[in-house]
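I opened my notebook to look up a few things in this structure. The entries follow in the order I made them.

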Amino acid sequence: MSQSQQNKWALITGASSGIGLELARIHAAAGGHLAIAARRESKLAELKEELEGRHGVKVMTFACDLSRPGAATQLYEDIKAASIKVDYLINNAGFGGHGKFHERDWEADAQMINLNILALAELTRRFLPDFVARNSGRILNVSSTAGEVPGPLQAVYYASKAFVTSFSNAIAEELSDTNITVTSLKPGYTETEFADAAHLRSTRLVSGGGATAASVAQDGYDAMLAGQLNRISGMGLSQRIQLAMAPMAPRKMLLKQIRQLQEG
Ligand SMILES: NC(=O)c1ccc[n+]([C@@H]2O[C@H](COP(=O)([O-])OP(=O)(O)OC[C@H]3O[C@@H](n4cnc5c(N)ncnc54)[C@H](OP(=O)(O)O)[C@@H]3O)[C@@H](O)[C@H]2O)c1
C-alpha cells in the first residue's frame, strides 16, 4: 500500500482505460484527488463515480483529444481555471499502430506523434515552471520498453517512446538540484485496450500474453513516489537481460528479431 496522498492532486492523461485507469485507482485509494483526462467522457464519468464513492476523494474530469494542436495547453488552462494545484503530472495517454510506415495512414501516425510526443512535452512544459516555482512536484511519463530499440512495423510508435525516455531522463538531470523528479515508466506488453487500438492482436508480441495494467500501474506509481529515473515493468528476468543486451547485438540481426515479434 502506498503512503498517504491526502490532498495531493494527480493529473492523469489517458485515465479512461488500461494503465491510466489503474493509476487513478491507486492514487484515489491512497487518499489523493484526481484530474483525469481522455476523449471518452462517459468512461471518465464512470471512474469519477467509482472513486468518489469508494474513497471520498475529489475527481474532476477533462474530456479532450490531446492529439489536437493546442489541446495540452487548453487542458493546462482548464486545470488552472479550476484552481487545481497539480502535485503529480502523469503523462500516460498514448497509442500505437501496426504496419509498414509507407503503407500506414499518415494522419494516424501524425496523431500518434502529436499525442505520444507533443502533448506529453507540452504538458510538461506548461506545468514545470509551476513545480519549479514551489520546488515540488513529480512527473511520471509512461514510455515503453519499445523506446529502447527501433521497431520495424511499429516504426513511429517505438521512436515516439524513445523520445519519451530520452526527454524524461534529460529533464530529470536538469532538475537534479530541485525536489522535482521525473520518472520514465517502461512497461513491456501489458493487457489493456492498447493491442486492439494498435491492431496488434495477431502478432507474436501480444499472443504470449502480458502483464496486468494494475501491476504495471503500481510499479509506475511507486517509482514516481520514490523519484526513480527509470522503471521497467512487467518483464521477466530473461526478457530484461535481452533488453539490456540489445544495444550490443548486431543491428541488422536485432531489427529482424524485432520485426518477427510484430509479425503474425
Ligand atoms: N499496453 C501495452 O502493452 C503498453 C506497453 C508499454 C507502454 N504502454 C503505454 O502505456 C500508455 C497507456 O496505454 P494502455 O496500454 O493503458 O492503453 P489503453 O488501454 O488503450 O489506454 C490508452 C489511454 O489513452 C487515451 N487516449 C488515446 N488517445 C487519446 C487522445 N487523442 N487524447 C486523449 N487521450 C487519449 C485513451 O482514452 P480515450 O480513448 O478515451 O481517449 C486511454 O485512456 C500508453 O502511453 C502506451 O503507449 C502500453
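**Entry 1: a pair of charges**

With which residue does R40 form a salt bridge? I looked it up, keeping in mind that the model is predicted. The partner is E193, and the closest N and O atoms are 3.1 Å apart. Next I checked where the two residues sit. R40 is in the loop between β2 (33-38) and α2 (41-55). E193 is in the loop between β7 (190-191) and α6 (194-197). The pair therefore ties together parts that are 153 residues apart in sequence. R40 is partly exposed, at 34% relative accessible area. E193 is partly exposed too, with a relative accessibility of 37%.

**Entry 2: the ligand**

E193 turned up again when I went to the ligand. A polar backbone atom of E193 is 3.2 Å from an oxygen atom of the ligand. How much of the ligand's accessible area does the protein cover? On its own the ligand has 880 Å², and the protein covers 96% of that.

I noted two further backbone contacts. For N92, a backbone N or O atom lies 2.7 Å from an oxygen atom of the ligand. For L66, a polar backbone atom is 2.9 Å from a nitrogen atom of the ligand.

Then I looked at the whole shell. The ligand is surrounded by 29 residues. The closest are S17, R39, N92, Y157 and T192. By type, the shell has twelve nonpolar residues, twelve polar ones and five charged ones.

**Entry 3: a residue of α1**

I stayed with helix α1 and picked I19, which is located there. Is I19 buried or exposed? I19 counts as buried, because its relative accessibility is 12% and the cut-off is under 20%. I then compared sequence and space. I19 and E191 are 172 residues apart in sequence. Their C-alpha atoms are 9.1 Å apart in space.

How many salt bridges does a search of the whole structure find? The count is 13. As a reminder to myself, side chains of opposite charge can pair when their charged atoms come close.

I looked up E52 and K48. Their side chains meet in a salt bridge, at 3.0 Å from N to O. Both belong to helix α2, four residues apart, so about one helical turn separates them. E52 is partly exposed at 31% relative accessible area. K48 is also partly exposed, at 28% relative accessibility.

Another pair is E263 and R259, whose side chains meet in a salt bridge of 3.0 Å, N to O. E263 has a relative accessible area of 28% and is partly exposed. R259 counts as partly exposed at 37%. I also found a network: E22, R25, E50 and R54 are joined into one by salt bridges that share partners.

**Entry 4: a nonpolar patch**

My last stop was the surface. Which residues form a nonpolar patch there? They are L237, I241, M245 and M248. Together they have about 470 Å² of accessible area. I followed up on M248. M248 is found in the loop between α9 (237-245) and α10 (251-262). Its relative accessible area is 63%, so M248 is exposed, the cut-off being over 50%.

Definitions and conventions: Residues are numbered from 1 along each chain as its sequence is written. This is a predicted model: local features need pLDDT of at least 70, side-chain atom pairs count only at pLDDT 80 or more; totals for chains, interfaces and linings use all residues. Side-chain values use heavy atoms; hydrogens and water are left out. A residue is near a molecule or strand if one of its heavy atoms lies within 4 Å of it. A polar contact is a pair of N or O atoms within 3.5 Å; within protein, one must be able to donate a hydrogen and the other to accept it, and residues adjacent in sequence count only if both atoms are side-chain atoms. Accessible areas come from the Shrake-Rupley method with a 1.4 Å probe; for residues, only the protein chains shown count as cover. Ala, Val, Leu, Ile, Met, Phe, Trp, Tyr, Cys and Pro count as nonpolar, Asp, Glu, Lys and Arg as charged, and the others, Gly among them, as polar. Patches are made of residues with over 30% relative accessible area and no salt bridge: like charges are joined within 9 Å, nonpolar side chains (Val, Leu, Ile, Met, Phe, Trp, Tyr) within 5 Å. A salt bridge is a side-chain nitrogen of Lys or Arg within 4 Å of a carboxyl oxygen of Asp or Glu. Helices (H or I, at least four residues) and strands (E, at least two) are DSSP runs, numbered from the N terminus. Buried means under 20% relative accessible area, exposed over 50%, partly exposed in between (1.4 Å probe, protein chains only).
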